[in-house]
Amino acid sequence: MSREQEVVEACPTDLFIGGKWRAAEGGKTLAVEDPSTGTTLCSVADASVADGLAALDAAVAAQAEWAATPPRDRGEILRRTFELMTARADELALLMTLEMGKPVAESKGEIAYAAEFFRWFAEEAVRIDGGYQIAPNGKGRFVVMRQPVGPCLLITPWNFPTAMGARKIGPAVAAGCTMVIKPAAQTPLSMLKLAELMTEAGLPAGVLNVLTTSDSGGVMEPLIKDGRARKLSFTGSTPVGKKLIEQSADQVLRTSMELGGNAPLLVFEDADLDKAVEGAMLAKMRNGGEACTAANRIYVHSSVIDEFGAKLTERMGALKVGRGTEDGVDVGPLIDAKQRDKVADLVADAIAQGAEVLLGGLVAKGNGYFYPPTVLAGVPASARLQKEEIFGPVAPLTSFEDEDEAVRMANDTEFGLVSYLFTKDLSRALRVAEALESGMVGLNQGIVSNPAAPFGGVKQSGLGREGGTVGIDEYLDVKYIAVNLD
């Protein structure tokens with residue numbers, strides 16, 4: 001048996017409900033595909049609405065006892081999870097690569113990133129504070145405390161199958177909330193394995209329940225509208241996020257939404273071009289471009305765009321495309337045929353509207369859902385990829401003449417997750433960073449994600465923040481107690 005087979009066969013494939021692994025209602029299953037070959041890796045349980053309600057039952061039943069668990073004990077479970085993930089990073093990374101496609105080196109990076117959320121929130125669990133205040137008239141006292149919101153529903157995407165779950169589970173566990181989590185149908189194995197590790201770390205039954213299903217909307221909507229869950233946290237597309245917000249209104253659920261992005265990357269004439277290219281490679285090619293933080297629109301000052309384009313094309317052209325398990329591979333496949341075809345359509349639309357192909361631009365032949373690193377120059381504002389998330393290894397270049405034009409083009413979108421800018425001028429850096437309509441800004445760097453920093457966007461890129469000192473706030477309610485001293 002190969003190492004790949006060993007890793008897949010060692011992963012649970014049932015639903016995880018109330019601390020037990022169980023088959024889906026009627027024994028229904030769904031196939032998990034290897035995107036580098038298009039072949040089936042294995043099958044996992046395909047949950048029904050009844051299964052979903054059973055998971056919510058388990059979370060509700062465990063809530064009171066879990067909320068009463070000492071914060072130090074909750075934090076220690078998170079710390080042990082961090083240690084287990086770190087010790088088994090090779091196994092977890094290979095499993096992720098097999099179901100998602102990214103190179104093993106990137107998967108290892110994601111495992112380390114995900115584990116850091118557990119370490120961070122292990123430390124935050126014991127820092128949940130409150131307040132004591134004398135009433136303005138001096139006759140009473142105000143006591144302010146923070147309590148867990150209650151059972152949570154968590155929905156995560158396929159592009160970062162462990163990290164996106166970790167940055168929701170971590171603060172929920174730290175705050176004292178139970179949860180039902182539904183990973184993406186394309187990448188369920190990483191979350192199932194994480195549930196197994198957290199159980200080994202001592203997480204009590206019912207605190208974390210995992211639903212894998214091919215019918216996300218059909219299974220989750222009844223849970224959202226049930227009334228017993230008190231929070232919904234979702235990472236995914238803006239259209240789906242809007243539907244979930246509508247559904248959450250029925251029971252007035254607290255929501256956290258990390259939605260779509262359309263990140264601009266600005267390169268000014270005074271930028272260090274080598275550093276700007278390096279930053280663009282990180283911002284564009286992390287996860288093969290399948291990231292909400294990916295640089296979707298690259299705006300370069302007209303005086304340096306030719307040089308920048310040549311340097312970027314050289315770097316992009318040197319990337320090796322292939323199966324993520326192979327040595328030296330830099331870019332794996334896209335997640336599925338639908339995503340590959342979408343990227344191809346966006347590129348074809350840009351070319352039809354006059355964009356010049358500097359590199360790539362054609363769908364790769366053979367098995368798997370591969371798309372080559374692509375650089376386009378002279379991309380017009382009317383091109384679809386200037387408005388839609390690309391989610392692929394495509395870098396569209398557009399020139400600008402001055403700072404005002406750059407900021408105007410950058411902000412010409414309904415999204416506002418992250419922006420990037422490269423300049424040596426500190427005054428310009430601060431001026432532009434403040435003017436950019438996004439929740440995060442990468443200044444002379446192409447990556448912003450960090451468990452110790454608040455991640456989130458503005459406009460139609462979402463609500464709330466994940467990570468940092470404010471990340472746990474999303475899972476806590478504030479209670480005020482008025483004390484009469486008379």
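1. Glu-258 is buried, and so is Arg-167 (buried: under 20% relative accessible area; exposed: over 50%; partly exposed: in between; 1.4 Å probe, protein chains only). The structure is a predicted model in which local features need pLDDT of at least 70 and side-chain atom pairs count only at pLDDT 80 or more, whereas totals for chains, interfaces and linings use all residues. Residues are numbered from 1 along each chain as its sequence is written, and side-chain values use heavy atoms, with hydrogens and water left out.

2. The side chains of Glu-258 and Arg-167 meet in a salt bridge, at 2.9 Å from N to O (a Lys or Arg side-chain nitrogen within 4 Å of an Asp or Glu carboxyl oxygen). Glu-258 belongs to strand S11 (residues 254-258) and Arg-167 to helix H6 (residues 163-175), so this pair ties together parts that are 91 residues apart in sequence. Helices (H or I, at least four residues) and strands (E, at least two) are DSSP runs, numbered from the N terminus. The model contains 33 salt bridges by this rule.

3. Helix H6 also supplies Lys-168, whose partner is Glu-466. Their closest N and O atoms are 2.8 Å apart, and the two residues form a salt bridge. Because Glu-466 lies in the loop between strand S19 (462-463) and S20, while Lys-168 lies in helix H6, the pair ties together parts that are 298 residues apart in sequence. Glu-466 counts as buried at 7% relative accessibility, and Lys-168 is buried with a relative accessible area of 0%.

4. A further salt bridge joins the side chains of Glu-403 and Arg-428 (3.2 Å, N to O). This pair links distant parts of the chain, with Glu-403 in helix H13 (residues 403-411) and Arg-428 in helix H14 (residues 426-435), 25 residues apart. Glu-403 has 15% relative accessibility and therefore counts as buried; Arg-428, at 13%, likewise counts as buried. Glu-403 and Arg-428 belong to a network of salt bridges that also links Glu-269, Asp-270 and Arg-431.

5. Aromatic pairs require separate comment. Rings of Phe, Tyr and Trp (its six-membered ring) pair if their centres lie within 6.5 Å; planes under 30 degrees apart count as stacked, over 60 as edge-to-face and the rest as tilted. The count by this rule is five aromatic pairs. One of them, Phe-16 with Trp-21, is tilted, at 4.5 Å centre to centre and 40° between the planes. Phe-16 counts as buried at 5% relative accessibility, whereas Trp-21 is partly exposed, with a relative accessible area of 32%. For Tyr-113 and Phe-117, the ring centres are 5.0 Å apart and the planes stand at 65°, so the pair is edge-to-face. Both residues lie in helix H5 (residues 104-124), four residues apart, about one turn of the helix. Tyr-113 and Phe-117 are both buried.

6. Strands S5 (residues 131-134) and S6 (residues 140-148) run antiparallel and are joined by four bridges (strands pair if DSSP finds at least two bridges between them). Within this pairing, Tyr-132 stands opposite Val-143 in S6. The two strands form a hairpin with five residues between them, and Gly-138 in the turn has a positive phi of about 80°.

7. Most residues other than glycine have a negative phi. Asn-287, however, has a positive phi, near 60°, and is placed in the loop between helix H10 (273-285) and strand S13 (295-301). Asn-287 is buried, with a relative accessible area of 2%. Asn-444 also has a positive phi near 60° and is found in the loop between strand S18 (440-443) and S19. At 41% relative accessibility, Asn-444 counts as partly exposed.

8. As to annotation, the unreviewed UniProt entry carries "domain: Aldehyde dehydrogenase" over residues 21-481; such annotations may be inferred rather than shown by experiment. Over residues 21-481 the chain is 38% helix and 20% strand, and the end C-alpha atoms are 42 Å apart.
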